[in-house]
Amino acid sequence: CFKDDQWDTALLGDLLNLTPHLQTLVLGWNNLGHNVMKALCAASSSLSNLQELDLSFCFKDDQWDTALLGDLLNLTPHLQTLELRDNNLGHNGMKALCAASSSLSNLQELDLSFCFKDDQWDTALLGDLLNLTPHLQTLVLGWNNLG
């Protein structure tokens, strides 16, 4: 829906605040960036019932803010499905996922395909993530250089 700097973060926050029972949020294939992630975190009361979050292909290489990803995940305690495919997560992104362990305890589906380039794959952090997601039923790791 939005390219480059067309996002109006205030209106996004207003829209989210009007939907307090939101269960599914699909933002895939939008250029979100730092300000949109901050707006999502600011709408914390609207995200408390969120069960599905799709952030596929939302971040360009230099726009990924792993701290805000962790903050966002900590606001979504009922999250069951998380799609992060086609984002360059790397080591810091995996650390952010592991740090949000309390929010990932209900996670059943996690898509991390196309998230790691070359030597960014951290098998120890993958093990940590799997230990933090006891209800995980589906893990998609396709198109990563697993080694």
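Reader: Which side chains meet Asp111 in a salt bridge, and how should I read such a pairing?

Author: Side chains of opposite charge can pair when their charged atoms come close. A salt bridge here is a side-chain nitrogen of Lys or Arg within 4 Å of a carboxyl oxygen of Asp or Glu. In this predicted model, the side chain of Arg85 meets that of Asp111 in such a bridge, at 3.3 Å from N to O. Arg85 lies in the loop between strand E3 (81–83) and helix H5 (90–99), while Asp111 belongs to strand E4 (residues 109–111), so the pair ties together parts that are 26 residues apart in sequence. Helices (H or I, at least four residues) and strands (E, at least two) are DSSP runs, numbered from the N terminus.

Reader: How many salt bridges are found in the whole structure, and which residues do they join into one network?

Author: The search finds two salt bridges, and through shared partners they join Glu83, Arg85 and Asp111 into one network. In the bridge between Arg85 and Glu83, the closest N and O atoms are 2.3 Å apart.

Reader: Is Asp111 buried or exposed?

Author: Buried means under 20% relative accessible area, exposed over 50%, and partly exposed in between (1.4 Å probe, protein chains only). Asp111 counts as buried because its relative accessibility is 11%, whereas Arg85, at 24%, is partly exposed, and Glu83, at 22%, is partly exposed too.

Reader: What should I know about the numbering and the values?

Author: Residues are numbered from 1 along each chain as its sequence is written, and side-chain values use heavy atoms, leaving out hydrogens and water. Because the model is predicted, local features need pLDDT of at least 70 and side-chain atom pairs count only at pLDDT 80 or more, while totals for chains, interfaces and linings use all residues.
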